[in-house]
Amino acid sequence: MNVIAEPLGILFENLWRSGEALDDWKKANRVPIFKKGKEEKPGNYRLVSLTSVPGKIMEQVLKETILKHLEERKVIRNSQNGFTNSKSCLINLTTFYDEITGSVDVGKAVDLIYLDFRKAFDTVSHSILASKLKKYGLDEWTIRWIERWLVCQAQQVLINSSMSSWQPVLTRIPQRSVLGLVLFNIFY
């Protein structure tokens, strides 16, 4: 393990300091994964991105650094349950239910707005995300690396043994990326 760990550490450090994200780390094979229902319906699948393993390791290193920074600065609120450690949608739903029933029990009016975030990862503006990273005080090297990692991404879709041509990705946080969930929480 040490045979590969040291060279990877040197590579990651150099890439981070230079802000360079390798082109192969920006490419994703998008594969449809069956969710539920009838297999012949396209809506019963979701596309996930399969990316480079060394790139994912670098993302993990940055993710841990970013999470520590966000925790120290209390950027992610306690009420944020999505994509956070030791919290879940069930905890969020239970807390929400308690708040609403408590308000109704004492005669308070309650208004609700329902939002559908099914395609939320596909709507992330890279420039707005970069400005939020700066606002939350992340270091310039990390911000520059993330900006360059998000720019010039490409994807192809693989279905069985057929594949599409490479297409550029203009906005989106790569789903199934290690950094994706943290960046999504920062953006929203």
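Reply: Start with the core. A nonpolar core is a set of buried Ala, Val, Leu, Ile, Met, Phe, Trp, Tyr and Cys residues joined through side-chain atoms within 4.5 Å. Buried means under 20% relative accessible area, exposed over 50%, partly exposed in between (1.4 Å probe, protein chains only). The largest such core here has 29 residues, and L129 and W145 touch the most other members. Two or more residues come from each of α1 (2–18), α2 (53–72), α4, α5 (140–150) and α6. The model is predicted: local features need pLDDT of at least 70, side-chain atom pairs count only at pLDDT 80 or more, and totals for chains, interfaces and linings use all residues. Numbering runs from 1 along each chain as its sequence is written, and side-chain values use heavy atoms, without hydrogens and water.

Me: Which residues is L129 in contact with, beyond its neighbours within four places in sequence?

Reply: V124, L150, I173, L183, I186 and F187. Contact means heavy atoms within 4.5 Å.

Me: Why is S177 called buried?

Reply: Its relative accessibility is 9%. The limit for buried is under 20%, so S177 counts as buried. S177 sits in the loop between β5 (167–169) and α6 (180–187). Beyond four places in sequence, S177 is in contact with E59 and W149.

Me: What makes R17 and E13 a salt bridge?

Reply: The term requires a side-chain nitrogen of Lys or Arg within 4 Å of a carboxyl oxygen of Asp or Glu. The closest N and O atoms of R17 and E13 are 2.6 Å apart, so the pair meets that limit. Both residues lie in helix α1, four residues apart, about one turn of the helix.

Me: Why is R17 called partly exposed?

Reply: R17 has 40% relative accessibility. That falls between the 20% and 50% limits, so R17 counts as partly exposed. E13, at 34%, is partly exposed too.

Me: How many salt bridges does a search of the whole structure find?

Reply: Two. The side chains of E147 and K134 also meet in one, at 3.9 Å, N to O. E147 lies in helix α5 and K134 in helix α4, so the pair ties together parts that are 13 residues apart in sequence.

Me: Is K134 buried or exposed?

Reply: Exposed: K134 has 52% relative accessibility, and the cut-off is over 50%. E147, at 30%, is partly exposed.
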